[in-house]
Amino acid sequence: MDKIKNNLITEKEQLLTEIKKIAIFVNGDFEAKETNSNTDEVLDNADQGAEQANLINNRAILVELETRLNNIDDALTRVESGVYGECTKCGEDISEKRLLANQAAALCMKCSGIDLD
Ligand SMILES: [Zn+2]
């Protein structure tokens with residue numbers, strides 16, 4: 001179980017590193033920032049468009065990363081309470097295959113509506 005916990009913590013750190021590349025921490029929350037390098041230069045309209053697109057793109061990435069981060073935190077909580085690997089909906093064991101693909105999985109295949117085989 002310690003190994004799983006370590007894996008989750010490692011993934012959490014990686015996510016935070018990714019988040020910090022595209023966001024700043026403001027008022028207790030992450031906010032997406034522009035990641036184009038030439039922000040000090042005078043921009044023509046095309047560049048401004050690109051900056052805008054960059055920011056919108058980073059916001060979308062941030063939402064995904066934060067969702068993933070929340071899932072990891074939830075999984076860590078389940079490790080602490082000894083229920084990691086059990087489906088939070090039906091209580092069945094989540095298959096090893098699924099946990100390998102997504103170690104933060106909270107639902108079994110059936111409950112998550114995934115029908116792989
Ligand atoms: Zn289930």
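## The β1–β2 loop

N27 is found in the loop between β1 (23-26) and β2 (29-32); strands (E, at least two residues) and helices (H or I, at least four) are DSSP runs, numbered from the N terminus. The model is predicted: local features need pLDDT of at least 70, side-chain atom pairs count only at pLDDT 80 or more, and totals for chains, interfaces and linings use all residues. Residues are numbered from 1 along each chain as its sequence is written.

N27 is not a glycine, yet has a positive phi of about 50°. Most residues other than glycine have a negative phi. N27 counts as exposed because it has 5 C-beta neighbours inside 10 Å. The cut-offs, with C-beta atoms placed from the backbone, are 20 or more other C-beta atoms within 10 Å for buried, 12 or fewer for exposed, and partly exposed in between.

## Overall layout

Four helices and two strands make up the secondary structure of the chain. Their order along the sequence is α-β-β-α-α-α. Of the 117 residues, 10% count as buried.

Contacts (C-beta atoms, placed from the backbone, within 7 Å) can be sorted by sequence separation. Among those with a separation of 6 or more, 47% join residues 24 or more positions apart.

## The α1–α2 pair

Helix α1 (residues 2-22) and helix α2 (residues 45-80) have axes that come within 10 Å and cross at roughly 160°. Axes are lines fitted to C-alpha atoms, for helices over the stretch in contact, and angles run from 0 to 180 degrees between N-to-C directions. The two helices are therefore roughly antiparallel (an angle over 145 degrees).

The α1 side of the contact includes I4, L8, L15 and I22. The α2 side includes I61, L65, I72 and A75.

## The core

The largest nonpolar core has nine residues: L8, I72, A75, Y84, C87, I94, A104, A105 and C108. Such a core is a set of buried Ala, Val, Leu, Ile, Met, Phe, Trp, Tyr and Cys residues joined through C-beta atoms within 7 Å. Domain 1 (2-84) and domain 2 (85-117) each supply at least three of its residues; the bounds come from an automatic or database domain assignment.

A75 lies in helix α2. A75 counts as buried because it has 24 C-beta neighbours inside 10 Å. Beyond four places in sequence, A75 touches L8, Y84, Q103 and A104. C87, leaving aside neighbours within four places, contacts E92, I94, L107, C108 and C111.

Definitions and conventions:
Contact = placed C-beta atoms within 7 Å. Parallel < 35°, antiparallel > 145°, perpendicular 65-115°, else oblique.
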